Amino acid sequence: MKTILSSETMDIPDNVIIKVKAKLIEAEGPRGKLCRDFKHLNLDFQLIKDESGKRKLKVEAWFGSRKTSAAIRTALSHVENLITGVTKGYRTKMRFVYAHFPINASITNGNKGIEIRNFLGEKKVRKLHMLEGVSILRTQKDELVLDGKDIELVSRSAALINQKCHVKNKDIRKFLDGIYVSEKGTIAEED
């Protein structure tokens, strides 16, 4: 069954500028600029003002199936992530887990890369570059902090670090060594 018109709106904070141009949404805030393309979705985006003068983003789907109607909420969630990124920024914390051989990590390339040594006592040096706009810091002895404004790039960088430390040819129930995500949040609420 098709719904004739399904729509949802969301508020835009005062310190964020949102531009809509043919399903390309750009958010600009104190931390910089982020852009996202929604051309694959069959939705209409428009900026409106309500009676009290507050700016809102309206997303509509005409004659949409159940899937298209569900995509409205998804698109709004993505835009919310853009807004949070340009206002607060995203932070992911990772912890080193080891039983015997202490994992040794050094930050290289001006907080843009990491080299992991002595993982399970191996001589191999695991080198990794962070994705665009993601910086990495070492806070405590066994903790890494990844900061950035794009939630997807920060999460993907964390996933790449995690995947670099997979245990091969051993019982993974016993060998739990690795670098794991311990906490996800925003930069602003911790400062």
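1. Lysine 33 and glutamate 26 pair up in a salt bridge, with 3.8 Å between the closest N and O atoms. The term here means a side-chain nitrogen of Lys or Arg within 4 Å of a carboxyl oxygen of Asp or Glu. Lysine 33 counts as partly exposed at 46% relative accessibility, and glutamate 26 is also partly exposed, at 21%. The cut-offs: buried is under 20% relative accessible area, exposed is over 50%, and partly exposed is in between (1.4 Å probe, protein chains only).

2. Before going on, keep in mind that this is a predicted model: local features need pLDDT of at least 70, side-chain atom pairs count only at pLDDT 80 or more, and totals for chains, interfaces and linings use all residues. Residues are numbered from 1 along each chain as its sequence is written, and side-chain values use heavy atoms, with hydrogens and water left out.

3. The whole structure has twelve salt bridges. Among them, lysine 58 meets glutamate 60 at 3.3 Å between the closest N and O atoms; lysine 58 is partly exposed at 22%, while glutamate 60 is buried at 8%. Lysine 141 and aspartate 142 make another, at 3.8 Å, N to O. There the lysine 141 side is exposed, with a relative accessible area of 58%, and aspartate 142 is buried at 17%. Glu8, Arg73 and Glu80 are tied into a network of salt bridges.

4. On the overall fold, I count two helices and 13 strands; these are DSSP runs numbered from the N terminus, helices being H or I of at least four residues and strands E of at least two. The radius of gyration is 21 Å, well over the 16 Å that the globule rule gives for 191 residues, so the chain is more spread out than a compact globule. That radius is taken over C-alpha atoms, and the rule is 2.2 Å times the number of residues to the power 0.38. Along the principal axes the C-alpha trace spans about 65 × 40 × 25 Å. Of the 191 residues, 37% are buried.

5. Helix α1 (residues 66-87) passes a simple length check: at 1.5 Å a residue its 22 residues should span 32 Å, and the end C-alpha atoms sit 33 Å apart, which agrees. The expected span is 1.5 Å times one less than the number of residues. Its buried residues include Ala71, Ile72, Ala75, Leu76 and Val79. An α-helix has 3.6 residues a turn, so residues three or four places apart point the same way.

6. Valine 86 belongs to α1 and is buried at 0% relative accessibility. Leaving aside residues up to four places away in sequence, valine 86 touches Val16, Leu34 and a run that includes Ala27, Glu28 and Gly29; contact means heavy atoms within 4.5 Å.

7. Now the backbone angles. Most residues other than glycine have a negative phi. Asparagine 109, not a glycine, takes a positive phi of about 60°, in the loop between β8 (104-108) and β9 (113-117). Leucine 120 does likewise at about 55°; this residue lies in the loop between β9 and β10 (126-129) and is buried at 16%.
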